[in-house]
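Subject: Structure handover

Hello,

Here is the structure you will be working with. Please open it next to this message and read the notes below as you look.

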Amino acid sequence: MSEPAAVQRPGDERATRPGARAPAPPTGGDAARSGRDSALLAVLRAPARWTWWVQVLAVYAAARLVTAVILLVVARSQEANLWTDAAPSYSAWTGRMWDASWYQQIAENGYPAELPVGGDGRVQQNVWAFYPLFPFLVRAVQQVTGLGWDVVAPTVALLCGAGAMLVIHRLVERAGRLAVARRPGLPLATVALVSVFPSSVVLQVAYTEALALLLIAGALYLVWARRYEWAGLVVVLLGFSRAVALPLALVVAWHAVVRGRVWWRARRVVGLEPGAGPVAVPWRDVARIGGLLVVTVLSGLVWQVLCGLVTGRPDAYFLTQEAWRGTGPVVPFVPWVQVSQMLFGSAGPWVLVAVLAAVAAVGLSPVARRLGPELQVWPLAYLGYLVAVIEPWTSLVRFLLLAFPLGAVTLGWTRSRWWFWGCVVACVAGQAWWVWGLWRLTPPSGWPP
């Protein structure tokens, strides 16, 4: 009986053809390259295995790419205006529009020694309304690189935003470990939501929010880690970045209260044990926290004082703010009531109270408490500060970006992926609205973003 014919699989023709040789296994450099390629493919196919900071930067880069597409599409509809030509380039549109032009003026010319005054004797809009750290930082990078404002300013903001996302991830992961235990993946999910927030567009334009977000997140992390001296340095920088240092004083104060409660409980527990000595007061930490609190308050006031000293008018900063506001003197809380009445009539104040009560309920919820005292108190203190000092209008959407712990609270209620992706899609749609309705200017005037 003849032997059965061998079964031939597709692709085996070379091996079974008479006189053909079987392929030699890879050796040396070929084997090494094959191993590296396989490892790279494995990494690319498993993002969950990436190092945490790679994940953060990948999410941030994807969000900024989406925003860049929105900006490029809408820029085609931009008419010629005070700052750009019609259909401007990406760099011109992100480097010159709106307040970016004022920061450029500061970088090039600094601040005037006298406030500009109109024919009616009232102070006019001027650069003292804008803080110096971002434009001076951009100018320093320009001097080193030789590149222009349109390139450097948006790039500095973009890099500051990347740094902010890294710190936010670490902050939520460590300070909010109880919330993370209930909702695994919360740090990266928070980064994603903050990165696509409707006004997150400012993380890649010549505005100060990216720098301020980095400094706020850094200060909160350092306070949580009890590195009070470094926190003081960051707060001083924040005092020259945006007018948001004062609400951090409430965070420091509450941090002190929480630490005091922990010490008191430890003292009582030890006091119940027979033969146990008293728990000593941590006077060194008391002094460090007290010093940080003083630095924080002074950082919130230093720019107003400096403005008065340079111009020779103690109320120079507030007169400048009145010029930008255009509705009269700066009076705490009153503008919110006026705007609520304009939008909702006589029911406006009640609507305002209801909204503020809802925000307070969210900030005091169990989800917020699980984030830790620093992350819980910051958005409450910051939003309360906004109610006291600003006039609520279209810029409020931009200001809300700095209340980033509310993103963690929003996602901490549930582990549902549908909820996460629904929030992301809603925020991206909000970005399109923000760029089209606010960043895009239809001459002769528009609502400031």
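Is the crossing of α10 and α11 left-handed or right-handed? It is left-handed. Before the rest, please keep in mind that this is a predicted model.

The pair α10 and α11

Helix α10 covers residues 209-224 and helix α11 covers residues 228-239. Their axes come within 8 Å and cross at roughly 160°. An angle over 145 degrees counts as roughly antiparallel, so α10 and α11 are roughly antiparallel to each other. On the α10 side, the contact is made by A212, L215, I216, G218, A219, L222 and V223. On the α11 side, the residues are Y228, W230, A231, V234, V235, L237 and L238. By type, the residues of this contact divide into 13 nonpolar, one polar and no charged.

The pair α6 and α7

Helix α6 (residues 133-145) packs against helix α7 (residues 149-175) at an angle of about 120°, and the axes are 9 Å apart. The two helices are therefore oblique to each other. Here α6 passes α7 in a right-handed crossing. From α6, the residues in the contact are F134, L137, V138, V141, Q142 and T145; from α7, they are W149, V152, A153, V156 and A157. This contact has nine nonpolar residues, two polar and no charged.

Annotated spans

The unreviewed UniProt entry places the feature "transmembrane region" at several spans, including residues 207-224 and 350-368. In the model, residues 207-224 are 89% helix and 0% strand, with the end C-alpha atoms 28 Å apart. Residues 350-368 are also 89% helix and 0% strand, and the end C-alpha atoms of residues 350-368 lie 25 Å apart.

Two single residues

S340 sits in helix α15, which runs over residues 334-344. Is S340 buried or exposed? Its relative accessibility is 6%, and buried means under 20%, so S340 counts as buried. Apart from neighbours within four places in sequence, S340 is in contact with G345, G348, P349 and L352.

E322 belongs to helix α14, residues 316-325. Its relative accessible area is 21%, so E322 is partly exposed. Which residue is 198 residues away from E322 along the chain, with the two C-alpha atoms separated by 8.8 Å? That residue is Q124.

Regards

Key
Residues are numbered from 1 along each chain as its sequence is written. This is a predicted model: local features need pLDDT of at least 70, side-chain atom pairs count only at pLDDT 80 or more; totals for chains, interfaces and linings use all residues. Side-chain values use heavy atoms; hydrogens and water are left out. Helices (H or I, at least four residues) and strands (E, at least two) are DSSP runs, numbered from the N terminus. Buried means under 20% relative accessible area, exposed over 50%, partly exposed in between (1.4 Å probe, protein chains only). Contact means heavy atoms within 4.5 Å. Axes are lines fitted to C-alpha atoms, for helices over the stretch in contact, and angles run from 0 to 180 degrees between N-to-C directions. Angles under 35 degrees count as roughly parallel, over 145 as roughly antiparallel, 65 to 115 as roughly perpendicular and the rest as oblique. A crossing is left-handed if the near helix is turned anticlockwise from the far one by less than a right angle, and right-handed if clockwise. Ala, Val, Leu, Ile, Met, Phe, Trp, Tyr, Cys and Pro count as nonpolar, Asp, Glu, Lys and Arg as charged, and the others, Gly among them, as polar. UniProt positions are given in the numbering used here, feature names are shortened, and annotations may be inferred rather than shown by experiment.
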